[in-house]
Amino acid sequence: MASLSSELKSRLLDNLKDTVGQQHFERWFQSIDLIDDGQNTIEIPLPNVYYRQWYERNYGVLIQKALETTLGGSYKVRFSVSANSNGPTGADGQMPLFGVGPQAEGETPGEPKPVMPAPVETKETPRCELGLNRNFTFDRFIVGSCNRFAHEAALAVAENPGKAYNPVFIHGSVGLGKTHLLQAICHTVLDRNPKTDICYRSCEGFVNDYIAAIQAGKLEQFRNRYRQIDILVIDDIHFLGKGDKPASQEEFFHTFNALHNSQRQIILSSDSPPQNIPNLIDRLVSRFKWGVVARLDAPDFETSTAILRSKATLGGTDVPDEAISFLATNISTNVRDLEGAINTVIGLSRATHRPIDVSLAKEAIKDIVKIGAYPITFETVQKAVSGHFNLTPSDLQSKKRDRTITTARQIGIYLARLLNPYYSLEEIGNAFGGRDHSTVLYAIEKVKQRISKDKQFAATMDILVNELKKSVA
Ligand code: ADP
Ligand code: MG
């Protein structure tokens, strides 16, 4: 028995990454061991039976296919339970939340939990009938500190419906990604099992169905339908509290109970947490809190930048960093506004045949947002950065080269460039002690690299950027 050679391992893992996508790969495959038993079987040691069941059920066939493709037809996969195995720990080295994996942290081993009842319908649930937007998938959802928890909860339930927390309640104001996450769950569930009886409906749709059923004398059919679904996903549940809807609330209450009692998954979104939905009956408020309640916040600077970059790339347009930073600095309301802004910028560029730069971006969004009276000055940046490092602004302008001062100076240079795209490299160099153009570029590159490699450093930068933005708001 020996670990698979690194060349074969990386071929196999690359193949799996292509099939399952980056997120699932990082979570489930990045840190697994692959052992060649010398008899054409690749063994994957896992820490307990829960993991083994999970892998067999969800990835057995897929890994087998990847083995056939990369190592040849005669290889088989075997999952073994080994006390020495740490198992997959996810990209962040943590056990996944909510027992996404087969055993939540701290649980004692025991019998596997019950799985979802088999779907009643055997035909596939067409996505268009459900009204799903095909772009609202997990791989198009950018994760940042503003939405990490909600994303984790959504992913958990998509991977393990009926076994993670029930219900999942995602709330946040308009344009922050509630519908995107709910539909991403639907897509993932259907990708894995196209026959799942899943219902995605806006709350208004649910209420309309209910009223129509009463009018047509078909309440029985309505109840049979809604109370036997495997997974019920209701978007904008706060609609139940709008106006006077006691009968609809009562009906939803019974629907909820019927599904919950039979371990069917319920997923809800709302513009506010359960207790803040006006007129919602207490029984529903308390039930909505039974599972996990996760909030979406407005995107921070780093997430806004990543979202803008991703939207530009998906649209096949090359947008320079400066223009992206400019938009991220000036639009902090919600993701929908970010999308609107980048589309407007790209549209203006195409219509006028001008390349995208900061001045075009500024022109494009002038009617959408009030651009702050420009803007973050060298003075503000140097004050914030030196304060953070217990230095003085004059340290950053000096020729001193000890480590803390050099790091702080590089961060200051990076932030000045990021937050004020109007400064030229020369101006930045002058403000930081007469450094030349190439030193400025070097500092920017150095900080960028560290942000991409060091999570803690990236978080510190995020805090600094947000503080600076607030200071001029
Ligand atoms: P809500 O339902 O909360 O009002 P949506 O889910 O409709 O918001 O999101 C608004 C737009 O922003 C959609 O086009 C969606 O794809 C996009 N969006 C929201 N959050 C993200 C994210 N984290 N990454 C990428 N796109 C996002
Ligand atoms: Mg929505």
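A residue counts as buried when its relative accessible area is under 20%. With that cut-off in hand, we can look at this predicted model, in which buried residues make up 50% of the 473 residues in the protein chain. The chain's secondary structure comes to 20 helices and 9 strands.

**The chain as a whole**

- The protein chain exposes about 22,800 Å², and carbon and sulfur atoms supply 50% of that area.
- Take the contacts between residues at least 6 apart in sequence: 75% of them join residues at least 24 apart.

- Ligand 1 has 18 residues around it, and Gly175, Lys178, Thr179, His180 and Glu339 come nearest.
- Sorted by class, this shell holds 7 nonpolar, 6 polar and 5 charged residues.
- Which helices each supply at least two residues of the shell? They are helix H6 (178-192), helix H11 (301-314) and helix H13 (335-352).
- Domain 2 (127-296) and domain 3 (301-365) both give residues to the shell, so ligand 1 lies between them.
- Taken alone, ligand 1 exposes 560 Å², and the protein buries 93% of that.

**Helix H12**

- Helix H12 (residues 321-330) is mostly covered, with 8 of its 10 residues buried.
- Among the buried residues of H12 are Ala323, Phe326, Leu327 and Asn330.

- Thr380 sits in helix H15 (residues 378-388), while Ser272 is in the loop between strand E8 (265-270) and helix H10 (282-288).
- Is Ser272 buried or exposed? Its relative accessible area is 14%, which is under 20%, so Ser272 is buried.
- Thr380 has a relative accessible area of 23% and is partly exposed, because that value falls between the 20% and 50% cut-offs.
- The side chains of Thr380 and Thr377 are joined by a polar contact of 2.6 Å, and those of Ser272 and Asp271 by one of 3.2 Å.
- Beyond neighbours within four places in sequence, Thr380 is in contact with Leu468 and Ser471, whereas Ser272 touches Phe169, His171 and Ile277.
- Thr380 and Ala416 are 36 residues apart in sequence, and their C-alpha atoms are 9.1 Å apart in space.

**Backbone exceptions**

- Most residues other than glycine have a negative phi, and most peptide bonds are trans.
- Asn279 has a positive phi, near 65°; Asn279 is found in the loop between E8 and H10.
- At 55% relative accessibility, Asn279 counts as exposed, because the cut-off is over 50%.
- His353 also has a positive phi, of about 55°, although it is not a glycine.
- His353 lies in the loop between H13 and helix H14 (358-365), and with a relative accessible area of 72% His353 is exposed.
- Where is the cis peptide bond? It joins Asn166 and Pro167, with omega about 0°.
- Pro167 has its place in the loop between helix H5 (148-159) and strand E5 (168-171).

Terms used: Residues numbered from 1 in each chain as written. Chains lettered and ligands numbered in written order. Predicted model: local features only at pLDDT ≥ 70, side-chain atom pairs only at ≥ 80, totals over all residues. Heavy atoms only, no water. Near = heavy atom within 4 Å. Areas by Shrake-Rupley, 256 points an atom, 1.4 Å probe, with all protein chains shown as cover. Helix = DSSP H or I, 4+ residues; strand = E, 2+ residues; numbered from the N terminus. Nonpolar A, V, L, I, M, F, W, Y, C, P; charged D, E, K, R; others polar. Domains from an automatic or database assignment. Buried < 20%, exposed > 50% of the residue type's maximum accessible area, 1.4 Å probe, protein only. Contact = heavy atoms within 4.5 Å. Polar contact = N/O pair within 3.5 Å; in protein donor to acceptor, adjacent residues only side chain to side chain.
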